[in-house]
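Thanks for asking me to look this one over. My notes follow as numbered points, for reading alongside the model.

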Amino acid sequence: MRYLISVIHDQAGLATPDEHAAIDAFNDRLRTEGHWVFAGGLASPDTATVIDNRGGEALITDGHFLESKEYLTGFWIIEAPDLDVALKLAAEGSRACDRRIEVRPFQ
């Protein structure tokens with residue numbers, strides 16, 4: 001089963017060199033153990049653009065869609081046999097990037 005591991009943070013700063021090294025090591029482990037699908041870091045929320053085309057014309061707005069103190073700063077998509085394994089990997093990812101993590105299964 002595939003899971004989305006979202007990285008949540010309250011600051012726009014990038015990861016420290018030590019965090020980058022820990023994240024790289026974690027990513028290598030995910031690849032080696034066959035859990036890796038895809039991952040990426042995201043730019044600051046103020047670089048986002050929201051598009052709402054539910055009406056007759058697309059409304060395009062600069063900035064993120066939600067005013068919040070925390071936001072999505074990156075993610076992993078992993079393959080894991082069950083939620084227990086996904087949660088264990090997410091806990092290790094949280095330690096590596098020193099950020100809070102949310103785990104969700106894909107439907």
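Is N27 buried or exposed? N27 is buried, with a relative accessible area of 11%, where buried means under 20% relative accessible area, exposed over 50%, and partly exposed in between (1.4 Å probe, protein chains only).

1. **Ground rules.** This is a predicted model, in which local features need pLDDT of at least 70, side-chain atom pairs count only at pLDDT 80 or more, and totals for chains, interfaces and linings use all residues. Residues are numbered from 1 along each chain as its sequence is written, and side-chain values use heavy atoms, with hydrogens and water left out.

2. **Overall layout.** The protein chain has two helices and six strands, in the order β-α-β-β-β-β-α-β along the sequence. Helices (H or I, at least four residues) and strands (E, at least two) are DSSP runs, numbered from the N terminus. Along the principal axes, the C-alpha atoms fill a box of roughly 45 × 35 × 20 Å. Of the 107 residues of the protein chain, 29% count as buried. Among contacts (heavy atoms within 4.5 Å) with a separation of 6 or more, 76% come from residues 24 or more positions apart.

3. **Back to N27.** You will find N27 in helix 1. Leaving aside neighbours within four places in sequence, N27 is in contact with W36 and W76.

4. **The core.** In soluble globular proteins, nonpolar side chains tend to be buried together. Here the largest nonpolar core has 15 residues, and L30, W76 and I78 have the most contacts inside it. A nonpolar core is a set of buried Ala, Val, Leu, Ile, Met, Phe, Trp, Tyr and Cys residues joined through side-chain atoms within 4.5 Å. Strand 1, helix 1 (17-32), strand 5 (71-79) and helix 2 each give two or more residues to this core. Helix 2 supplies the largest share, five residues. For I78, once neighbours within four places in sequence are set aside, the contacts are M1, R2, Y3, I5, L30, H35, V37, A86 and L89.

5. **How the helices pack.** Two packed helices are described by the angle between their axes and the distance between the axes. For helix 1 and helix 2 the angle is about 155°, and the axes are 7 Å apart. Axes are lines fitted to C-alpha atoms, for helices over the stretch in contact, and angles run from 0 to 180 degrees between N-to-C directions. The two helices are therefore roughly antiparallel to each other, since angles over 145 degrees get that label, while those under 35 count as roughly parallel, 65 to 115 as roughly perpendicular and the rest as oblique. Helix 1 contributes E19, A22, I23, F26, R29 and L30 to the contact, and helix 2 contributes L89, E92, G93, A96 and C97. These residues divide into seven nonpolar, one polar and three charged. In that count, Ala, Val, Leu, Ile, Met, Phe, Trp, Tyr, Cys and Pro are nonpolar, Asp, Glu, Lys and Arg are charged, and the others, Gly among them, are polar.

6. S6 sits in strand 1 (residues 2-9) and is buried, at a relative accessible area of 7%. Beyond four places in sequence, S6 touches L72, G74, F75, R100, I101 and E102. R100 belongs to strand 6, and its side chain makes a polar contact of 3.0 Å with that of E70. A polar contact is a pair of N or O atoms within 3.5 Å; within protein, one must be able to donate a hydrogen and the other to accept it, and residues adjacent in sequence count only if both atoms are side-chain atoms. R104 is also found in strand 6; R104 and I5 are 99 residues apart in sequence and 6.6 Å apart in space, C-alpha to C-alpha. A polar contact of 3.4 Å joins the side chains of R104 and E102.

7. **An exposed strand residue.** I51 lies in strand 3 (residues 49-52) and counts as exposed at 58% relative accessibility. With neighbours within four places in sequence left aside, I51 is in contact with A58, L59 and I60.

8. **A backbone detail to look at.** Most residues other than glycine have a negative phi, and most peptide bonds are trans. D98 has a positive phi of about 55° although it is not a glycine. D98 is in the loop between helix 2 (83-97) and strand 6 (100-105), and is exposed, with a relative accessible area of 54%.
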